[in-house]
Amino acid sequence: MTKTFDAIIIGAGQAGPPLAARLTAAGQTVALIEREQVDGTCVNTGCTPTKALVASAKIAHSVAHAKEYGVSIGATPEVDFNAVLRRAMAISEKSRSSVESWLDGMVGLTLVRGHARFTGPKRISVGGDSYEADQIFLNVGARAAIPDIPGLDQVEALTNSDLFWLKERPQHLAIVGGGYIGLEFAQMFRRFGSRVTIIERGPHLAGKEDPEISEAIRDVLEAEGIAVRTNAECIHFSRSETGPVVGVDCTTGEPEIACSHILLAVGRQPNTDDLGLEQTRVESDKRGFVRVNDRLETNIPGIWALGDCNGKGAFTHTSYNDFEIVASNLLDGGDRKVSDRVMSYGLYIDPPLGRTGLSEAQALANGHKVLIGKRPMTRVGRAVEKGETQGLMKIVVDAETRAILGGAIFGPGGDEAIHSILDMIQMGAKVDALTNTMHIHPTVAELVPTIAGELAPAAMHEP
Ligand SMILES: Cc1cc2nc3c(=O)[nH]c(=O)nc-3n(C[C@H](O)[C@H](O)[C@H](O)COP(=O)(O)OP(=O)(O)OC[C@H]3O[C@@H](n4cnc5c(N)ncnc54)[C@H](O)[C@@H]3O)c2cc1C
Ligand SMILES: NC(=O)c1ccc[n+]([C@@H]2O[C@H](COP(=O)([O-])OP(=O)(O)OC[C@H]3O[C@@H](n4cnc5c(N)ncnc54)[C@H](O)[C@@H]3O)[C@@H](O)[C@H]2O)c1
């Protein structure tokens, strides 16, 4: 028998549950279908447990460096790896169970457990059951991409989801991919006491950032003893008597890296390959991301795609913002669009990188004439007092219109301080408004108006 609802949401990630809450509050009947755990990637295997681990790693690092701050700690501190993982998973579980209770009490909601697949234009099967609705919302997220690297069948390559279930700390973790996931795990495992090697195919770590940011990130990681191999070509795996081996062809360095564990962190693949999309004729691109318009509707009226699966962002806040856009347009008479938001994100190594808007390279590629304001953390009082002077801050401005195009703050509190630039961009403020703002002393953000007042063509800044 087919059960009919006003709306079906596939995936209880970052957009699905709040959308279910809004739709049911508006009197609609909703089926929310989830095949694994509610709360999706962020809470179960993404942001929440990693940021909890980053916090433990920061404590380990601070204790190890306490003497530099005039603080003596008696016995040699040790990281209890299992206790660290238990703490992270407990935080994750608490968040998930609070969402479970929320969904349990939602009047008008039916939570269906199982894998959803289209069997018709607006019909979905889960197990042996069939569900229909005029409105269907896809919030199916993404998973770690597993590229076809030679020798993959000879080793046990881990993904971010597997790391939380390790029984012991890796002796030597080789990480393939120097993006967000690779870098965050690299630093935390190094701080837990593992040897770590990052193997990145491109010329830079965090390759989407401007080169001086990427280089500053590399400096921070190398200073902590992380080995970085960039321009890594012909990556392949094999197994020796002592464990896995990563073979790599780089311009410098050893051709083989013997390690204890391998982590693959080379990007994400949308969970759309097993959704039966062909039954609905919903279009997706060649990587499987569902094509949507600026209001997140697919080519099929009544079907929307939100979150990582639409390729419009790959962050928790972009998925949640997708929910806000769709809910506003459908329920509040809004006219919100994806193109209205300023793309921003954090990279949670220590110190964190906060990024908003366009990088300098992106601004130039988009045809802007740019002015840059820049300052190393060695000249930021708050960073000096904290003894955390690695990194820099930077603002990118259109030389003709004086519009703020973007910013990067790589230093203590960079993930928070960046919002002072983000909000200005969102409001369409000119850089002069930022220059005239009084910020609080002593903070890292205090220097944002200063760099906004020290604009010069990029070439005039010291390298
Ligand atoms: C290690 C790691 C760290 C991260 N850190 C951050 C961070 O610090 N900040 C940040 O903003 N982002 C971070 N992210 C990214 C963030 O986790 C994702 O962008 C976010 O979770 C995407 O949310 P979503 O709602 O699109 O999908 P998801 O949260 O992935 O939810 C999708 C849900 O759909 C379910 N599903 C899929 N297919 C089906 C189906 N056919 N039937 C039923 N259910 C299905 C899945 O089981 C899943 O629960 C991180 C990601 C990783 C992997
Ligand atoms: N702080 C955050 O917000 C955060 C943290 C973690 C993950 N995430 C999300 O998860 C997504 C995925 O993260 P990710 O790090 O897996 O992807 P990514 O796209 O950020 O980085 C992947 C890296 O792997 C490299 N690479 C690709 N194929 C390779 C190969 N065969 N060999 C060697 N290197 C290769 C790429 O050049 C790139 O530098 C991100 O896009 C992000 O949206 C966000």
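Gly-453 is partly exposed, because 13 other C-beta atoms lie within 10 Å. The scale behind that label runs as follows: a residue is buried with 20 or more other C-beta atoms within 10 Å of its own, exposed with 12 or fewer, and partly exposed in between, with C-beta atoms placed from the backbone. Gly-453 sits in the segment after helix H14. Helices (H or I, at least four residues) and strands (E, at least two) are DSSP runs, numbered from the N terminus. From Gly-453 to Gly-414 is 39 residues in sequence and 19 Å in space, C-alpha to C-alpha.

This is a predicted model, in which local features need pLDDT of at least 70, side-chain atom pairs count only at pLDDT 80 or more, and totals for chains, interfaces and linings use all residues. Residues are numbered from 1 along each chain as its sequence is written, while chains are lettered from A and ligands numbered from 1 in the order in which they are written.

Now the overall layout. The chain is assigned domain 1 (2-143 + 269-340), domain 2 (152-266) and domain 3 (345-457). These bounds come from an automatic or database domain assignment. The centres of domain 1 and domain 2, taken over C-alpha atoms, are 28 Å apart. Their contact takes 14 residues from domain 1 and eleven residues from domain 2. Two residues are in contact if their C-beta atoms, placed from the backbone, lie within 7 Å. On the domain 1 side, helix H3 (47-64) and helix H4 (81-104) are the elements that give two or more residues. H3 gives the most, with seven residues. By class, this side of domain 1 has eleven nonpolar, three polar and no charged residues. Here Ala, Val, Leu, Ile, Met, Phe, Trp, Tyr, Cys and Pro count as nonpolar, Asp, Glu, Lys and Arg as charged, and the others, Gly among them, as polar.

Next, ligand 2. It is surrounded by 27 residues, and the closest are Gly-177, Gly-179, Tyr-180, Ile-181 and Ala-314. A residue is near a molecule if its C-beta atom, placed from the backbone, lies within 6 Å of it. Helix H6 (180-192) and strand E18 (344-347) are the elements that give two or more residues to this shell. H6 gives the most, with four residues. The shell divides into 15 nonpolar, eight polar and four charged residues. Domain 2 and domain 3 each supply at least three residues.

Turn to His-441. An unreviewed UniProt entry annotates it as "active site"; such annotations may be inferred rather than shown by experiment. His-441 lies in the loop between helix H13 (431-435) and helix H14 (448-452). His-441 counts as exposed because it has 10 C-beta neighbours inside 10 Å. A cis peptide bond joins His-441 to Pro-442, with omega about -5 degrees. Another cis peptide bond joins Asp-350 and Pro-351, with omega about 0 degrees. Pro-351 lies in the loop between E18 and strand E19 (353-357).

Most residues other than glycine have a negative phi, and most peptide bonds are trans. Asp-39 has a positive phi, near 85 degrees. Asp-39 lies in the loop between strand E2 (30-34) and helix H2 (40-44). With 26 C-beta neighbours inside 10 Å, Asp-39 counts as buried. Asn-231 also has a positive phi, about 50 degrees. Asn-231 is in the loop between strand E11 (227-229) and strand E12 (233-240). Asn-231 is partly exposed, with 15 other C-beta atoms within 10 Å.
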